[in-house]
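Notebook open, model loaded. I want to go through the strands, the confidence and a helix pair.

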Amino acid sequence: MEQTPSASDRMTGAAGIGTGPMYATRAFRTLRRLPTVPVPLPGESLFSWVDHLAHTYEVDRGRMMRALGLEPKGAHAGQLARYTDLIDRPDLELLQHATGLDLARLEQMSLMGARIHHVESGNDETPWAPGKVWAFCPQCLKPPARWPSWWYESWAVLCPVHRCYTASFCPDCGSPFTPATLRGDAPGLCPGFVGPSRPASKLPSGRRRRCARPLWKIETPSVTDPVVREVHRILSSHLMVGAPFHPSATRQWYDDFRTLRFLLGVPRPVRVRSFSSLDCTLQQRHCGEQVDKTVREGGTQWHSSASGFLHPWRVTDRGIRDKTRDPVAVAAEIHVIGTVLASDDVESTIQKVFDVPYPRDLASSGDHGLPRYLLRASASLDHLLQTVLSLSSADELRERRALMASLRMQRTSTVKQDRQ
Ligand SMILES: [Zn+2]
Ligand SMILES: [Zn+2]
């Protein structure tokens, strides 16, 4: 097995973490090349890959991280989750030194690395908010598991391998799935704690008992909705690192998709009046005519959102109500958007599907202008946009779209002149 850095070198490295040639030089001296390195799977997350290396070398996660130059300060999981969000160049170089893999391949395993890929492919408008709850496919988490970084994305509603919905929290203890809490010594088991109101919530030592439910045994329904499957396929082609498709064919579709998603997600969104999916799981999420609907199921409360879908809320140990990420509710919205965009007459489908309870003034709610994809949306969405936005926001949109169109025309004529 590889040597790990000495305590004094670790301290030196920690003092200058991520900066300066001294840190890099000293850390390099203590790192040795690993004899064998499993290559990352396409789209694999850094967290998953490091755990896989630890499994391969039969060492704990902390020791593996040190052998890779990724100094774990405090809890291993939290630190590895931070590296999975964003890994600096000096740390990437240490990883490269220890593994022999190229920098780009290593960087793509982090969320920021995937984001750079989005920027390069023109899809740079995904909100950057690392550290949130991830979705996961239970069946894919069966140890020894290797799992992808796209589970972080908000559209990660299904697993294309197992054709089931993803989950985002443990149904037993309600703990959200977040890499920062995943235990290295109990792979695949829920790291959450049993709630204080449950019997035997404490160990004889007085410490809190872990839930430890095998996450891979959580059952999630099959995805039977063809629209959701197709939309997921297209989104994957745009946003998965190393995706096999070229996105230009669906670029307009993708701008329209994001525009409708924006309108469903803003604080005072359009409301879905009519929901046509035959998928029972999705049907259960639509509130129908009922504006304020609340359902209790076990330890989870379901409340209607302003867009017309039920979302799970959980009450935390401290009694705080917390809206939980829910892949199925997102899938229901994706069904609506996909259906609208695939229809022969988009405008009349919009009339049938959406209600617009109140126009929205983007400026007054602190938005910094309109997202660029709104400006590129198809003409078939114009009427909806004009209805949803308040007068001043609609004017702003019209002016900026006109400006963008004239810039596009100027660019086209310049290219033609250059060719002549
Ligand atoms: Zn799966
Ligand atoms: Zn649990």
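I count two strands as paired if DSSP finds at least two bridges between them. Helices (H or I, at least four residues) and strands (E, at least two) are DSSP runs, numbered from the N terminus.

Housekeeping: I number residues from 1 along each chain as its sequence is written, and chains are lettered from A and ligands numbered from 1 in the order in which they are written. This is a predicted model, where local features need pLDDT of at least 70 and side-chain atom pairs count only at pLDDT 80 or more, while totals for chains, interfaces and linings use all residues.

**Entry: sheet**

I looked up β6 and β7 and found an antiparallel pairing over 3 bridges. Within that pair, arginine 314 has aspartate 322 of β7 as its bridge partner.

Zooming out, I get an open sheet of 4 strands, ordered β4-β5-β6-β7, with antiparallel pairing. Its edges are β4 (294-297) and β7 (321-323), each pairing on one side only. On average, neighbouring strands are turned by 30° against each other, direction ignored. Axes here are lines fitted to C-alpha atoms, for helices over the stretch in contact, with angles from 0 to 180 degrees between N-to-C directions.

**Entry: confidence**

I checked pLDDT, the predictor's confidence in each residue, from 0 to 100. The chain averages 82, with 80% of the residues scoring at least 70. A contact is two residues whose C-beta atoms, placed from the backbone, lie within 7 Å.

**Entry: helix pair**

How do the axes of α12 and α13 cross? I got roughly 145°, with the axes of α12 (residues 327-342) and α13 (residues 346-353) coming within 8 Å. On α12 the contact is made by Val336, Val340 and Leu341, and on α13 by Val346, Thr349, Ile350 and Val353.
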